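These are my notebook entries on one protein model.

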Amino acid sequence: MVSYNTPIDKVMLLNVIQTDVYEVQDLLSFRMLTYFLLLGLLPSLFIIKTQITYGNFKQELLNSLKIITGSAILCGIIMLSGYQATDNVFRNHRDTKYYLSPVNYIGASLSVAKMRRKSNHPFVVVAPDAELNKYWKNNKKNLFVFVVGETARAANFSLGGYHRPTNTPLEKHMNDIIYYSDTTACGTSTAVSLPCMFSPYGRKDFKIGSEEYTENMLDILDKNGYKVLWRENNTGCKNNCDRVEIEDFCTKKTCLDEILLTDFAKKIQQNEENTFVVMHQTGSHGPAYFEHYPKEIEQWSPVCTTENLGSCSKEELINVYDNTVYYTSIFLSNIMDELNKLSDKYNVALIYASDHGESLGENGIYLHAQPYDTAPSYQKQIPMLIWLPNDSAKAFGIDMDCMKKAANAPHSHDNLFHSALGLAGIKTNIYNKTLDIFAACKKN
């Protein structure tokens, strides 16, 4: 809370529960140890050594009620004497309660406990009426890659107008790339956004925790003519991949995202079905940004080389973050190259969308996971792009000029579920054509 200006709500506590030892290591520091020793352990020792003589129960109860009542009256007098200022604070800073210890983590614990009780919920089958409709105009199988970006914020993508060329490695594929410049995330943390991205319900109707007992996009694809493969280079799939094949090649604290392409072509060609591959990046996850790209591709320096982001200059922090975005561009370009090599046998396409954005010290806020309603736009505005080669577009009957004209309209994670099913040719009543990015531009 002190280092990154991070509030503690139920979503943050959910992140704590779902993290792994490597992500925790990135957050440990000498500064945190100092806080623990001086403000935690030392006062606790004084309290333990303090001898308290209690009166009888009735006397102690009356004394406590007097203190509580007196405190409540005093608080009321202070707040009412400056009512306009107090009202203004609570109206404009609704997240204040998430900074008040121990109210914040006690409340968060109760909320998460309620969510966990729902894990006994009956399993929900989504789209039981779904079926594959082979609408494409050739005999090729489909091969789609969905890259789940990590902590990439739209503000630092040159495709969206950022002044630095962070997406230069994608230039050779630009004729086939459509970039969505106004895209909003479902949440501000992986624990919320990742399951929401694959859910049919959208941000307003998605219930945190429901992913544990509810089918998602991948289940529908897996049941209807697609081999689904999840390749992991992060802290897990948050229940999205519970019923599909998973590959995790990383055996140490941090692996570069290129590991997700391990034996890619070989793996694809072992399968005779249509294929849908999810690649879950490490991407631009903080605070150890400097660990997530190879030093030799570094474009901007000096860089922040510590997890204690507040000790870095603004320039160092922006530089190291922009280098992670540049590496993501290299990674995406390499996937496109791999898909091009397979395009003689498959109709290929790539969808990229980050799970949420990131704060880089603006207004003293770092990282992400702020409460959604009060979170800065940097944590909610995310990059999203679609790469669709000309041959694939022709096979699917998609007008690329039409797609590019619609790209500047507002979009969100809500579009992903319906767009993926629409492109894959899955017919179901749960499909919403108005949320399918491709639907309005299909010639047939």
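**Entry 1: a strand and its neighbours**

I began with strand E10 (residues 381-387), where 6 of the 7 residues are buried, so the strand is largely enclosed by the rest of the structure. Buried means under 20% relative accessible area, exposed means over 50%, and partly exposed lies in between (1.4 Å probe, protein chains only). Helices (H or I, at least four residues) and strands (E, at least two) are DSSP runs, numbered from the N terminus.

I noted the terms of the work before going on. This is a predicted model, in which local features need pLDDT of at least 70 and side-chain atom pairs count only at pLDDT 80 or more, while totals for chains, interfaces and linings use all residues. Residues are numbered from 1 along each chain as its sequence is written, and side-chain values use heavy atoms, with hydrogens and water left out.

Which strands are joined to E10 by bridges? I found that strand E3 (residues 177-184) runs antiparallel to E10, with 6 bridges between them. Strand E7 (residues 346-354) is also antiparallel to E10, through 4 bridges. Two strands pair if DSSP finds at least two bridges between them.

I then looked at Thr183, which is found in strand E3. Its relative accessibility is 0%, so Thr183 counts as buried. Thr183 and Ser354 are 171 residues apart along the chain, and their C-alpha atoms are separated by 9.7 Å.

**Entry 2: the whole protein**

I recorded 15 helices and 12 strands for the protein. The radius of gyration is 25 Å, close to the 22 Å that the globule rule gives for 444 residues, so the protein is as compact as a globular protein of that length. This radius is taken over C-alpha atoms, and the globule rule is 2.2 Å times the number of residues to the power 0.38. Along the principal axes, the C-alpha atoms fill a box of roughly 85 × 50 × 45 Å. Of the 444 residues, 49% are buried.

**Entry 3: disulfides**

How many disulfides does a search of the whole structure find? I noted 5, a disulfide being a pair of cysteine sulfur atoms within 2.5 Å. With the bonded cysteines numbered in sequence order, the pairing reads 1-2, 3-4, 5-6, 7-8, 9-10.

The disulfide of Cys250 and Cys255 has an S to S distance of 2.1 Å. With 85° about the S-S bond, the link of Cys250 and Cys255 is right-handed. Cys250 and Cys255 are both buried.

In the disulfide of Cys304 and Cys312, the sulfur atoms are 2.0 Å apart. This link is right-handed, with 65° about the S-S bond. Cys304 counts as buried because its relative accessibility is 2%, and Cys312 is buried at 13%. I also checked Cys75, which is partly exposed, with a relative accessible area of 45%.

**Entry 4: empty space**

Rolling a probe the size of a water molecule over the atoms shows where empty space is left. On a 1 Å grid over the protein atoms alone, a cavity is a set of points where a 1.4 Å probe fits but cannot get out, and a pocket is an open set with protein on both sides within 12 Å along at least five of seven lines; lining residues have an atom within 4 Å of a point. Grid points are joined across faces, edges and corners, and a volume is the space filled by probe spheres set on the points.

I found 2 cavities of 30 Å³ or more. The largest cavity holds about 70 Å³, and its lining includes Pro195, Tyr201, Phe206 and Asn240.

The largest pocket holds about 1,200 Å³. It is lined by 37 residues, of which Met1, Thr6, Ile8, Leu27 and Met32 lie nearest its centre. Helix H1 (10-18) is one of the elements that give two or more residues to this lining, and H1 gives the most, with 5 residues.

The second largest pocket holds about 760 Å³. Among its 32 lining residues, Asp9, Lys10, Val11, Tyr98 and Ile208 are the closest to its centre.
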